[in-house]
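Below is a guided reading of one protein model. Keep the sequence and the 3D view side by side while reading.

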Amino acid sequence: MKSIAAISAFALVLGSAAPVLAQSSKVPEGTKLAADQTFTYWLQDDLKTLDPDLSTSKDGNDVLQQMFEGLYQQDDHGNLVPALAKSYEVSDDKKTYTFHLRDEKWSNGDPVTAQDFVYAWRRLADPATASQYSWYIELMQVKNAHDVIAGDKKPSELGVKALDDHTLQVTLDSAIPYFRQMLVLSSTFPVPQKIVEKYGSDWTKPENMVVNGPYKLKSWKIGDSIELVKNDAYYDAANVTLTDLKFIPIQDNDQALTRYEAGELDFVQTPAGQYPRLKDEYPDAAHAPPRSCVYAYRFNVGPNGPEALKDVKVRKALSYAINRDIIVDKILKGGQKPAYTWTHWATANFKAPDVAYADMTQQERMDKAKELLKEAGYGPDHPLNLRIMYNTSADHKKIAIAVQQFWKQIGVKSTLENYEWKVYLDKLNGQHDFDVARTAWCADYNEASTYLDVNTSWSDQNSGQWSNSEYDKLMKDSKTAEDPQEDYTKAEKILAEDMPLAPIYAYSLPMLLNPQIKGYPFDNVQLNWYAKNMYKVAK
């Protein structure tokens with residue numbers, strides 16, 4: 001467990017009319033800072049919520065970890081560092097953790113206490129909250145989480161309690177070695193009980209919202225922008241250099257690039273296929289680090305899905321027919337890698353198993369796909385027709401069109417359906433109203449179970465409603481295994497054999513980042529970034 005080094009700070013006073021800039025030890029001595037310490041960040045879609053207990057997206061986590069602090073954060077290399085937890089003890093059986101919290105205040109001046117964590121975690125698990133991420137508290141193995149989520153026990157019976165204002169105790173059903181790594185996700189952050197109970201669902205409005213992180217909410221204009229400003233009540237505000245954060249949702253990636261080039265954005269993901277050109281044009285701004293996310297097409301095998309997809313031969317045929325090399329090398333061109341397994345290749349300690357279809361040539365996969373479809377009873381006299389659903393994005397559309405053509409080559413007809421993000425999420429996870437859906441998963445923590453647990457029958461994120469008792473058992477057994485890697489390997493092989501989804505590619509993050517912005521954690525495979533550790537230099 002790394003300790004936080006003591007940080008000294010001083011203010012640069014440039015005259016009575018000049019801004020006062022905080023300069024932490026993160027800023028090298030002699031660095032000339034820009035007068036305007038604003039960081040403007042592109043979002044693919046507007047956020048559905050700013051409530052940590054309701055958030056489900058990577059973009060949501062990126063915003064929330066600027067506004068809130070939980071027990072832990074990550075450093076620039078993805079290593080765990082303390083946030084609110086200044087120290088901890090764990091019992092001999094590794095099932096009871098006692099965290100000692102440092103002094104911190106909410107932005108309204110109230111103290112942050114262990115009870116704020118207790119309230120937040122109980123609220124996350126409470127069926128009345130209807131959080132689509134309640135399952136995460138069960139993945140953490142918090143005692144009684146399963147029964148609380150199911151409504152069989154009261155939230156007060158969840159294995160979390162405040163021993164006093166500065167001591168939080170968590171009891172687990174099973175010891176898991178990566179438990180503390182799971183605590184960097186915004187779903188585990190504290191929330192201010194008094195404020196939530198006073199304002200209800202309106203507690204996240206700018207005039208009501210109270211936070212404990214380095215930035216607080218200034219404004220949220222739906223579809224236009226989310227603006228955060230430095231929180232002077234933050235315990236380490238003297239060492240926070242960036243003063244303003246702006247998050248701009250732009251669904252059209254080409255438009256976002258245009259706005260970056262016009263100087264309106266400091267960060268943008270490059271549109272599909274354009275990274276090589278942009279790397280030549282902007283060598284100091286272009287980067288493509290690995291990103292722990294995997295892109296896939298999910299098959300709906302539940303009650304609302306088409307009968308055809310309940311046949312594993314059909315699912316395999318559809319997966320085999322996708323030419324991943326074309327998608328990665330001809331469409332995306334940004335450092336992504338073809339994926340034949342669900343877990344990202346850069347995940348800590350993960351070794352991808354050998355799966356048969358990964359070793360075939362694409363022609364062999366296409367031949368096998370046609371054979372499987374024929375065996376399943378589909379052909380010219382009995383064509384297979386499917387809908388491909390994706391959320392609005394030019395890049396998602398390009399991939400969907402490519403898959404549509406790949407499937408056409410094996411005799412499958414498909415139509416494309418695109419929806420705005422909130423509607424797409426509701427159809428995907430709420431109504432399960434789709435045939436085949438574009439999906440992706442970004443790691444909540446750097447361990448293979450973050451991917452594999454998504455496909456368990458109890459997962460709220462298992463939108464295709466696939467269920468496999470052997471798979472479920474492996475993932476349950478992995479929680480108590482001394483070395484779970486064997487279970488993970490077997491689980492990946494089941495996914496390849498039963499094909500509830502078709503992995504397509506492992507992410508990188510081809511981006512343009514304003515060279516004036518320093519401190520971005522390129523070596524953190526989850527790319528969890530904290531604006532408090534960043535700064536903007538003068539031109």
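Is C293 buried or exposed? C293 is buried, with a relative accessible area of 1%; buried means under 20% relative accessible area, exposed over 50%, and partly exposed in between, using a 1.4 Å probe and protein chains only. The model is a predicted one, in which local features need pLDDT of at least 70 and side-chain atom pairs count only at pLDDT 80 or more, while totals for chains, interfaces and linings use all residues. Residues are numbered from 1 along each chain as its sequence is written, and side-chain values use heavy atoms, leaving out hydrogens and water.

C293 forms a disulfide with C442, and the sulfur atoms lie 2.0 Å apart; a disulfide here is a pair of cysteine sulfur atoms within 2.5 Å. The structure holds one such link. The pair is 149 residues apart and links distant parts of the chain, with C293 in strand β15 and C442 in strand β19. Helices (H or I, at least four residues) and strands (E, at least two) are DSSP runs, numbered from the N terminus. The angle about the S-S bond is 105°, and the link is right-handed. C442 also counts as buried, at 18% relative accessibility.

Strand β15 (residues 290–299) runs antiparallel to β19, joined by seven bridges; strands count as paired if DSSP finds at least two bridges between them. Within this pairing, R298 stands opposite A437. Six of the seven residues of β19 are buried.

From β19 (residues 436–442) the sheet can be followed to β17, a parallel pairing over two bridges, where I388 stands opposite V436. Six of the eight residues of β17 (residues 384–391) are buried, so this strand is largely enclosed by the rest of the structure. Strand β17 is also joined to β18 (residues 412–419) by eight bridges, again in parallel, and L386 has S414 as its bridge partner. Together with helix α11 (residues 394–408), β17 and β18 make a right-handed β-α-β unit: with the strands pointing away from the viewer, the path from the first strand over the helix to the second runs clockwise.

Turn now to the nonpolar cores, sets of buried Ala, Val, Leu, Ile, Met, Phe, Trp, Tyr and Cys residues joined through side-chain atoms within 4.5 Å. The largest has 111 residues, of which F39, F99, W121 and W342 touch the most other members. Its largest share, eight residues, comes from helix α2 (residues 114–125). A second, separate core of 46 residues includes Y297, Y357, L384 and Y390.
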